[in-house]
Protein chains: 2
Amino acid sequence: MTNRDGKKISLGAFLHPSGHHVAAWRHPDAQPDAGVNLANYTRLARLAESASFDLIFFADQAALPSENYDYISRTTRATLLEPLTLLSALAAVTERIGLVATVSTSFNEPYNLARYFASLDHISGGRAGWNLVTSGTRLEGENFSNPPGYSQHDERYARAREYAEVVQKLWDSWEVDAILGDKASGRFVDRSKVHRIDHSGQYYSVDGPLSVARSPQGRPVLIQAGSSASGRELAALTAEAVFTAQRTLAEAQEFYGDVKEKARSYGRDEDDIKILPGIFPVIGRTESEAREKFQVLQDLVHPVVGLNYIQSHLGGIDLSGYPLDGPLPDIAPETEANRSRRVLLLDLARKRNLTIRELYLEIAGARGHWQLVGTPNEIADALESYFHERGADGFNIMPPSPHGLDDFIELVVPELRRRGLFREAYEGRTLRDHLGLKTPPNRIAAAATAA
Amino acid sequence: MTNRDGKKISLGAFLHPSGHHVAAWRHPDAQPDAGVNLANYTRLARLAESASFDLIFFADQAALPSENYDYISRTTRATLLEPLTLLSALAAVTERIGLVATVSTSFNEPYNLARYFASLDHISGGRAGWNLVTSGTRLEGENFSNPPGYSQHDERYARAREYAEVVQKLWDSWEVDAILGDKASGRFVDRSKVHRIDHSGQYYSVDGPLSVARSPQGRPVLIQAGSSASGRELAALTAEAVFTAQRTLAEAQEFYGDVKEKARSYGRDEDDIKILPGIFPVIGRTESEAREKFQVLQDLVHPVVGLNYIQSHLGGIDLSGYPLDGPLPDIAPETEANRSRRVLLLDLARKRNLTIRELYLEIAGARGHWQLVGTPNEIADALESYFHERGADGFNIMPPSPHGLDDFIELVVPELRRRGLFREAYEGRTLRDHLGLKTPPNRIAAAATAA
């Protein structure tokens, strides 16, 4: 195979304290305080930077992930650091790697969010990225005085669309050369290059300008996660990278083609939006070593945790009365929220005739993400095929276990480089540089000039 | 004089990029990019830590400070980093010093704020403090879709009171020993020690628990700024330290006595709330050196900047038609918002027969804070008398110029130590330790146990 136009892949490290596998915290190598230990995150961030990864990435939650306290008592996901504060700290102990924080549009004012990311972009010298999500769980809403329109999927996305527009306008409210800093004349700011945005829309009314001058990237990189129809439209319109869960090449190709086509329909170039599926790789020097590593994790999955995953993805049904070693009963009613995951689970269970226990072991470990258990060559083959067959522009690596990122960097990255698929060292300084993204034109300045 | 019960003073460093004097950025030593340069802030934070200061402190603004663009073009206050992100970065490059960020209750959801500070407290190993303010300017409101009740002073404070209660409940929603991390049994969390808060009040409805486990300080330190009647009540009820502007010993004593008495009326001990006036010290080895240093800054105050200060404090009147070297006209109508500052300015101008220019030079440099120009001995005398005469428990030092903090640490701190007023080195690890504050009892856990 040859590289696509000599392009290389992007690599993100999607970090979770001890690893993404639901039982990773019980792994012998796991530190009990990994979730709140800055030294742990610093080690992982510097490790990813040492391999010239494009970015590190953190998810977020504004509530406990469940009200099933049997489950809560058995998961590290009950408590996580807030990603903006964590990434700001990591900005101070890294130099080149991109820093992507997930923040929901549902519970934060756009002016605050624009400031947080502009500030992080200044602090990091141009390495900030915002992963836009629209939260939708009842538990989150109940922590935020149940905001209006929150529970409606379509309204959440309509709000998110306007929200992203406001944030981008605020980032554009200072032109790149607005700071004069002229001590002699006493002029610090060129007032002709600072603009109100005077946004008055359906959901937000924001005058601006931002109280933070234009940051090194001009605009922090806008990433989007979420693969629903509304999510794809929003991504195609606004996102510069998309984090997505795609478990087969065919699915990945469909998603990739659809989002790129939608982006073109909005007048964008297909290179303006990068598609980064998540991958959960369990790597061994041999296949049997990989399978053994995986089995160590799988043996630590408690039934309460495994069942919780299936139950919540079927819309909160209770499977506790069914034998773990019997078949999955078809008792979950289809709803808009569970439709795609319900079909996925039921199909999987039927096609392979899985018991409830086999089903949760099949998917709960990697929580539905693309799971690869194999040798460095096999994993490199899979990434290469997704890349060459237009299923991905890069990948968000989800290390399964405390040393999963070490394994990927030690074993897979050299193979990707041997194939000419991944950079040997950083070529640029900013996250935009790493991802090969242009700085979008300043719409506010252009409007002001035209006026 | 003897020390009060052997107690020592607390010292904060209230940092502003090149210094607090309105013309500090024009000082020959100022770096043009000081406001966005992490290395500048890192130097200042480490400098304060090297002298075992209790804390560093950042103000905040969620809008430009004025819509007078003549002024905006001449001030570095038009653009500042957001303090939560900045302090999180500084947490990673310091070890002992407290980290206090100003965040308004007007535009942030309490669940988010509780997470930010709990996270910063984890990242920093117990050094986080929240300076609670209730924003009230029109320019800020217009960046946040003009939230309901925002423009009413009393409602803002009523909201702030409930807000602080929600935040503290969320910090208490995890007990100190809730994390088991028991790999063998698979129990990560002791579910009996994680509590919903089920807050349902006049303004907020928040179920909890927080999605961040209890942080090292239990509760990040709650600081309050604002000296209005409502501000004093709120501080007496909730704050553990108060940052305030007091320009004479008599004023400081009145404020100190009143807030401590109000705190006692809420059943608190007077040592549970520390009073920290700001001080703007210009220090020379001799009086004439101090005056020369001050004059360098004063000569750089542009009339537009000086006038803006007077005009905005009189409620936005326009003085541009009056001669700078003539008297201050009595043209500003008294309003609730400008009452105390208006009286202050008019009294000052009349008593000393000052021209407009003399008036703005008198107060605009330090923006109304307690300004001391003198030798290390004179400054130590002033701090000692405020401390011994019950006007202050410590001070928030506002360095006037790029090396103002260096001057204070090199010249004044040794004198304070010689007098037994300030610690030689850190004795504790957390901001609570430094300030001598107890951890408040966990109200949520107590309620859950009682139930």
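How much area is buried between domain 1 of chain A and domain 2 of chain A? About 940 Å². The points below start there, then turn to the two chains. Keep in mind that this is a predicted model.

1. **The two domains of chain A.** Domain 1 covers 10-282 + 369-450, and domain 2 covers 302-364. Their C-alpha centres lie 30 Å apart.

2. **Where the domains touch.** On one side, 10 residues of domain 1 of chain A make contact; on the other, 11 residues of domain 2 of chain A do. Carbon and sulfur atoms give 54% of the area buried between these domains. Look at Tyr71(A), Arg74(A) and Arg247(A) in domain 1. These three lose the most area to domain 2 of chain A, together 49% of what the domain 1 side buries.

3. **What kind of contacts the domains make.** The count of salt bridges between domain 1 and domain 2 of chain A is zero. Polar contact does occur: two residue pairs are counted between these domains, both residues at pLDDT 80 or more. The domain 1 side that touches domain 2 of chain A has two nonpolar, four polar and four charged residues.

4. **The interface between the chains.** Now to chain A and chain B. An interface is often sized by the accessible area lost when the parts come together. Here chain B and chain A bury about 6,500 Å² between them. Carbon and sulfur atoms carry 54% of that area. In residues, 75 of chain B are in contact with 74 of chain A. Within chain B, Tyr69(B), Lys183(B) and Phe188(B) lose the most area to chain A, yet together they give 11% of what that side buries.

5. Four salt bridges are counted between chain B and chain A. One salt bridge between the chains joins the side chains of Asp60(A) and Arg115(B), at 2.8 Å from N to O.

6. **Which elements of chain B take part.** Several elements give two or more residues to the side of chain B that touches chain A. Among them are the helices α2 (69-72), α3 (83-91) and α4 (110-123) and the strand β5 (179-182). Which element gives the most? α4(B) does, with seven residues. That side of chain B divides into 37 nonpolar, 22 polar and 16 charged residues.

7. **How the copies are related.** A 180° rotation, with 0.0 Å of shift along its axis, superposes chain B on chain A at an RMSD of 0.0 Å. That is the relation of a two-fold axis. In chain B, the C-alpha nearest the axis belongs to Ala89(B), 1.9 Å from it. Why do the copies meet through the same surface? Because 99% of the interface residues of chain B are also interface residues in chain A.

8. **Backbone details to check.** Most residues other than glycine have a negative phi, and most peptide bonds are trans. In chain A, a cis peptide bond joins Gly208(A) and Pro209(A), with omega about -5°. Pro209(A) sits in the loop between β8 (205-206) and β9 (221-225) of chain A. In chain B, Gly208(B) and Pro209(B) are also joined by a cis bond, with omega about -5°. Ser52(A) has a positive phi, near 55°. Find Ser52(A) in the loop between α1 (38-50) and β2 (55-58) of chain A.

Definitions and conventions: Residues numbered from 1 in each chain as written. Chains lettered and ligands numbered in written order. Predicted model: local features only at pLDDT ≥ 70, side-chain atom pairs only at ≥ 80, totals over all residues. Heavy atoms only, no water. Domains from an automatic or database assignment. Contact = heavy atoms within 4.5 Å. Buried area = accessible area lost by both parts, 1.4 Å probe. Polar contact = N/O pair within 3.5 Å; in protein donor to acceptor, adjacent residues only side chain to side chain. Nonpolar A, V, L, I, M, F, W, Y, C, P; charged D, E, K, R; others polar. Helix = DSSP H or I, 4+ residues; strand = E, 2+ residues; numbered from the N terminus. Least-squares fit on C-alpha atoms with pLDDT ≥ 70 in both.
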